[in-house]
Amino acid sequence: MHYADTNKTREWVKGLDFVLAIDIYHTFTCDWADIVLPSCSKFELNEEVGSIKDARDYIALQQKVIDPLFESKPDYEIEYGLAQALGCADALPRTRRELDEVMLDGGDSALEGITVDSLIASNGLQRMNVPEEWATSYQDHAFTTPSGRMELYYDWMADDDQQLPKYEEPNEAYEGNPLMDK
């Protein structure tokens with residue numbers, strides 16, 4: 001839900017002929033849907049590889065951790081099944097691996113030499129062929145501290161022994177407390 005007026009959205013949804021929701025969680029959309037298809041978490045796959053993403057200067061490959069739980073399916077398997085039902089599955093690669101290979105072989109020089117197999121060999125992460133640059137997103141950022149810089153030591157909290165970040169045991173859920181078992 002990304003809208004401020006949920007009631008207005010609910011009324012709009014009631015005007016639709018059919019609502020299909022694909023979700024891992026039970027959301028408002030699931031409540032309003034005619035059919036809900038359960039999607040997997042990012043750790044669950046039927047294949048050994050899943051989606052690929054670019055993360056700044058790197059390509060990351062989703063790899064299988066466990067089989068899908070219960071009746072859930074990975075997103076691409078659901079998309080392919082819907083395409084089959086609509087008679088247009090021949091326009092899509094059959095497996096997620098095939099889709100990844102098509103995406104990596106798109107002629108982009110930044111992806112040259114990166115394949116699904118090379119990603120698997122490098123534990124799912126590979127640097128793209130781009131110039132190395134420092135991340136400078138926050139170089140001119142002014143913090144709302146007296147110095148305008150990030151501060152780790154706070155003089156004004158010394159009386160409470162909080163001048164530096166430090167670990168404190170939780171009130172109840174710490175090792176050795178019988179309340180932790182509850």
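Is Tyr 154 buried, exposed or partly exposed? I looked this up to open the notebook, and Tyr 154 comes out as partly exposed, because its relative accessible area is 26% and the class between buried (under 20%) and exposed (over 50%) is called partly exposed, with a 1.4 Å probe and protein chains only.

**Ground rules**

I am working from a predicted model, where local features need pLDDT of at least 70, side-chain atom pairs count only at pLDDT 80 or more, and totals for chains, interfaces and linings use all residues. I number residues from 1 along each chain as its sequence is written, and side-chain values use heavy atoms, with hydrogens and water left out. Helices (H or I, at least four residues) and strands (E, at least two) are DSSP runs numbered from the N terminus.

**Entry: aromatic rings**

I counted a pair when ring centres of Phe, Tyr or Trp (its six-membered ring) lie within 6.5 Å; planes under 30 degrees apart are stacked, over 60 edge-to-face, and the rest tilted. The structure has 3 aromatic pairs. One of them joins Tyr 76 and Tyr 80, a tilted pair with 6.5 Å from centre to centre and 35 degrees between the planes. Both tyrosines sit in helix H3, 4 residues apart, about one turn of the helix. I also noted that Tyr 76 and Tyr 80 are buried. The partner of Tyr 154 is Trp 156: the ring centres are 5.9 Å apart with the planes at 65 degrees, so this pair is edge-to-face. Trp 156 is exposed, at 66% relative accessible area.

**Entry: salt bridges**

Next I went through the charged side chains. I took a salt bridge as a side-chain nitrogen of Lys or Arg within 4 Å of a carboxyl oxygen of Asp or Glu. By that rule I have 8 salt bridges in the structure.

Arg 127 and Asp 57 make one of them, at 3.4 Å from N to O. This pair links distant parts of the chain, 70 residues apart: Arg 127 is in strand E5 (residues 125-127), while Asp 57 is in the loop between strand E3 (49-55) and strand E4 (58-63). Arg 127 is partly exposed at 25% relative accessible area, whereas Asp 57 counts as buried at 14%.

Arg 97 and Asp 117 form another salt bridge, with the closest N and O atoms 2.5 Å apart. Here too distant parts of the chain are linked: Arg 97 belongs to helix H4 (residues 96-104) and Asp 117 to helix H5 (residues 116-121), 20 residues apart. Arg 97 is partly exposed at 27%, and Asp 117 is partly exposed at 49%.

Lys 166 and Asp 161 meet in a salt bridge at 2.6 Å, N to O. Through shared partners, salt bridges also join Arg 97, Glu 101 and Asp 117 into one network. Lys 166 is partly exposed at 46%, as is Asp 161 at 43%.

**Entry: backbone angles**

Asp 161 came up again when I checked phi. Most residues other than glycine have a negative phi. Asp 161 has a positive phi of about 55 degrees although it is not a glycine, and this residue lies in the segment after E5. Asn 123 also has a positive phi, near 60 degrees. I placed Asn 123 in the loop between H5 and E5, where this residue is exposed at 69% relative accessible area.

**Entry: the largest pocket**

Last, I looked at open space. I used a 1 Å grid over the protein atoms alone: a pocket is an open set of points where a 1.4 Å probe fits, with protein on both sides within 12 Å along at least five of seven lines, and lining residues have an atom within 4 Å of a point. The largest pocket has a volume of about 540 Å³, taken as the space filled by probe spheres set on the points. It is lined by 26 residues, and the closest to its centre are Leu 45, Gln 62, Pro 74, Asp 75 and Tyr 76.

Which element gives the largest share of this lining? H3 does, with 7 residues. E3, E4 and helix H3 (75-85) each supply at least two lining residues. By class I noted 8 nonpolar, 9 polar and 9 charged residues in the lining; Ala, Val, Leu, Ile, Met, Phe, Trp, Tyr, Cys and Pro count as nonpolar, Asp, Glu, Lys and Arg as charged, and the others, Gly among them, as polar.
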